[in-house]
Amino acid sequence: MSSTALPIAETFVSLQGEGKLTGVPSWFVRVAGCNLRCGWCDTPYASWEAAGEQREIAGLVEEGRASGVAHAVVTGGEPMMFEEVGALTQGLRGAGLHVTIETAGTVFREVACDLMSISPKLANSMPAEGDTRDPLGVWRARHEKRRLDVGVLQRLLEGSPDRQLKFVVCKQADLTEIEGVLGQLSGWQPGDVQLMPEGTVVPKPELVSWVVEACVERGWRYCHRLHVELFGNRLGT
Ligand code: SF4
């Protein structure tokens, strides 16, 4: 790969659908390629079947600058897998954009950004046994080994001016795992922690109700997926 290019699955302008900046008009750049394989991954075209074209950093920065919005979101896949992401975020910030990096938090790099949006992967992210995309269970084993690295999470928390920790939840037992992870980390506030019900459709009330309760009890935030509500789960949104 050229040292000035990145594999890009898509770029688009939309509203940020998740997290502290929900609703903010943003230019998204989605890197193709991921070191994990979440069973419920909502962007399989950037992970399970990563497909992207090599795009020069300079061209991407120019596209971000010309997008007409003030926020850029560097997402994936897993953007932190790629050394070149540092040049991309630096260029976008140099162009005057606020930059969010969306990462699962398993790879550390010294990269400039304004908001480090970390989504640590819980046990519920494991691909199921017998998943037809992983017939030999190779990714299942690899995913389990890689999905949580507390040392990397801590360095990411310390290295950015603002941060959020978004946890995808499926069942109440996930709260125990989340508290276990948070208990090993410092440098976060309750308002940085977000719970996001799993799914690519608007979540059912029975899932929403205990997530709301858990957030209220702990001072955490409920993270919905505005883009799913507004546009459905489709590319370019
Ligand atoms: S880390 Fe993100 S992009 Fe990678 S497999 Fe999981 S949900 Fe998909």
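The shell around the ligand divides into five nonpolar, three polar and two charged residues. The model is a predicted one.

**Ligand site**

Cys34, Leu36, Arg37, Cys38, Trp40, Cys41, Thr43, Ser47, Gly77 and Lys121 surround the ligand. The ligand takes up the space of the largest pocket.

The peptide bond leading from Gly76 into Gly77 is cis, and its omega is near 15 degrees.

**Helix packing**

Two packed helices are described by the angle between their axes and the distance between the axes. For helix 1 (residues 57-66) and helix 2 (residues 85-94), the axes come within 9 Å and cross at roughly 35 degrees. The crossing of these two helices is right-handed. The residues that make the contact are listed by helix below.

| Helix | Contact residues |
|---|---|
| Helix 1 | Ile57, Leu60, Val61, Gly64 |
| Helix 2 | Ala87, Leu88, Gly91, Leu92 |

By class, six residues of the contact between helix 1 and helix 2 are nonpolar and two are polar, with no charged residues.

How values were computed: Residues numbered from 1 in each chain as written. Predicted model: local features only at pLDDT ≥ 70, side-chain atom pairs only at ≥ 80, totals over all residues. Heavy atoms only, no water. Axes fitted to C-alpha atoms, helices over the stretch in contact; angles between N-to-C directions. Helix = DSSP H or I, 4+ residues; strand = E, 2+ residues; numbered from the N terminus. Left-handed = near helix turned anticlockwise from the far one by under 90°. Contact = heavy atoms within 4.5 Å. Nonpolar A, V, L, I, M, F, W, Y, C, P; charged D, E, K, R; others polar. Near = heavy atom within 4 Å. 1 Å grid on protein atoms, 1.4 Å probe; cavity = no way out; pocket = protein on both sides within 12 Å on 5 of 7 lines; lining within 4 Å. Sits in = over half its atoms within 2 Å of the grid points.
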